[in-house]
Amino acid sequence: MNILDRLVKFDRRILFVFVALAVIIPLLIPIGLPVDITRPVKHVYDRVESLPEGSIVVVSVDYDPGSEAELYPATEAFLEHCFRKNLRVYMMGLWPAGPKLGNMALEQIAPKYNKEYGVDYINIGYRPGGPVMLVSLGRNVADLVRTDYAGTPIDSLPLGRAVKSARDMDLVMTLSAGDPGVLHWIIYFSARYGTPIATATTAIMAPQQYPYLSSRQLIGLLGGLKGAAEYETLVERKARAVAGMDSQSIVHLLLVAFIILGNMVLLYQRRKK
Amino acid sequence: MKRTLPIVIVFACGFFMIIAFFIPLRGFQDVSQTLQNWYIGVIAFFVFIGIFNLVKVNVDKIQRRLRDWQYNVILLIFLAIMMIAGFVGRPGGGVFLYLFENFHIPLGATMFSLLAFFVASAAFRAFRARTPEATLLLIAAVLVMIGRVPIGYYIWHGFPDLVEWIMTVPNTAAKRGILFGADLGLISMALRVLLGIERSYMGGGKE
């Protein structure tokens, strides 16, 4: 029995072991591959850089723990950039678990820059209603938002009083893992009120955003963990995303090897017939 | 009446919202805003329907002692624990936050990380160039997989630009075509619902 005959029948758990090793070994022994910067990520960075101090950035955390590995590093990197530029962060979420994840990032990053809750940043929590909620939010925030994430009346907080409608929002950054998410922000918020939208999405969603990038309905895109790694490199905050790039590179090469092997088996089976 | 009244309500509300989009007069906008607020209130109730459905399905499996019914018991126990922790504790803190950060987040991330292993298995077993179109798809997939990670840039500095071209030109063209088709279908379906031709939402069939 030659090697290709063995490959036809072998146990797929052997593949799982290879994948596990490809993930673990580069994490323990980093290679340090350089992270290149792509245009969609640079556009997000440049837009934030161009905002004057005190501008209000809405950060919509639209993902759950399942997508935390890809989008949480992007959340932290983006917040780091906003606070470094002295921008004010208005956090919310279209998914129930999103604002809690966002709050974890705020608690990590805000103290580093001595930011004060209610003045420099605020978290209004989960808002149900998807597209209809976004239309109402852009028109009149007070119709929907009475308290923040912890139950504090929104009017008692300076940043809460400062945001009355879409006119007060200078940029929206949606960290999106599905529906509701970036598509709703583009269609129901940006198209109506003209607020620029940037997004960080999971890698699998990233190709779907290119039509909106091309038509400038999105100003930029952080796609998957690589996008987060690029942003971490730009803001000089090499953390989880950059650390994961070595593993991701090796796993991708491994998948390509599996594809090539699988097609060699296919050719062999065809010849045998 | 039972079948006519919902159709009339859908028609009236639906066409009013369409007209209100184009008419900026205060009266129209106020009514439109009220309807939107009612919608958001109704949506919030769906959370309760979801919980009720979850409990009903799992209790049914436990009562009938279906395969792995013990996992359904564990699910219901943790549902109850999270609900009690959320209601009893302070908003955004306490036991609920501890359970969320130390159980829910790691378990959710673990579930999705299993996909990496299944993708590896699929790459070997299913990503086969059986037809010319499949071959083209595979070549594009391999180029994107290598070009999208730092090792692609390391192998050849032009790789990311090649991948960006694939994303920006053929991918965007194909996605646009799909979006146009899907959105035209959506408009057609919306008109059918507004006009009462499509009544599946009532539990009935088409006219």
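Author: A residue is buried if 20 or more other C-beta atoms lie within 10 Å of its own. Keep that cut-off in mind as we look at this predicted model.

Reader: Happy to. What makes both faces of strand β6 of chain A count as covered?

Author: On one side of β6(A) sit A:G220 and A:L222, and on the other A:L221 and A:G223. These four residues are all buried, so each has 20 or more other C-beta atoms within 10 Å of its own.

Reader: And how do you know that strands β5 and β6 of chain A pair?

Author: Pairing needs at least two bridges. Strand β5 (residues 197-201) and β6(A) have four bridges, in the parallel sense, so they pair. In one of them, A:T199 has A:L221 of β6(A) as its partner.

Reader: Now to the two chains. Why are α11(A) and α4(B) called roughly parallel?

Author: Their axes are 6 Å apart and meet at an angle of about 30°. Angles under 35 degrees count as roughly parallel, so that is the name for this pair of helices. On the α11(A) side, the contact includes A:L255 and A:F258, and on the α4(B) side B:V119 and B:F124.

Reader: What classes of residue make up the contact of α11(A) with α4(B)?

Author: Eight are nonpolar, one is polar and one is charged. B:R125 belongs to this contact, and Arg counts as charged.

Note on methods
Residues numbered from 1 in each chain as written. Chains lettered and ligands numbered in written order. Predicted model: local features only at pLDDT ≥ 70, side-chain atom pairs only at ≥ 80, totals over all residues. Axes fitted to C-alpha atoms, helices over the stretch in contact; angles between N-to-C directions. Helix = DSSP H or I, 4+ residues; strand = E, 2+ residues; numbered from the N terminus. Parallel < 35°, antiparallel > 145°, perpendicular 65-115°, else oblique. Contact = placed C-beta atoms within 7 Å. Buried ≥ 20, exposed ≤ 12 C-beta atoms within 10 Å, placed from the backbone.
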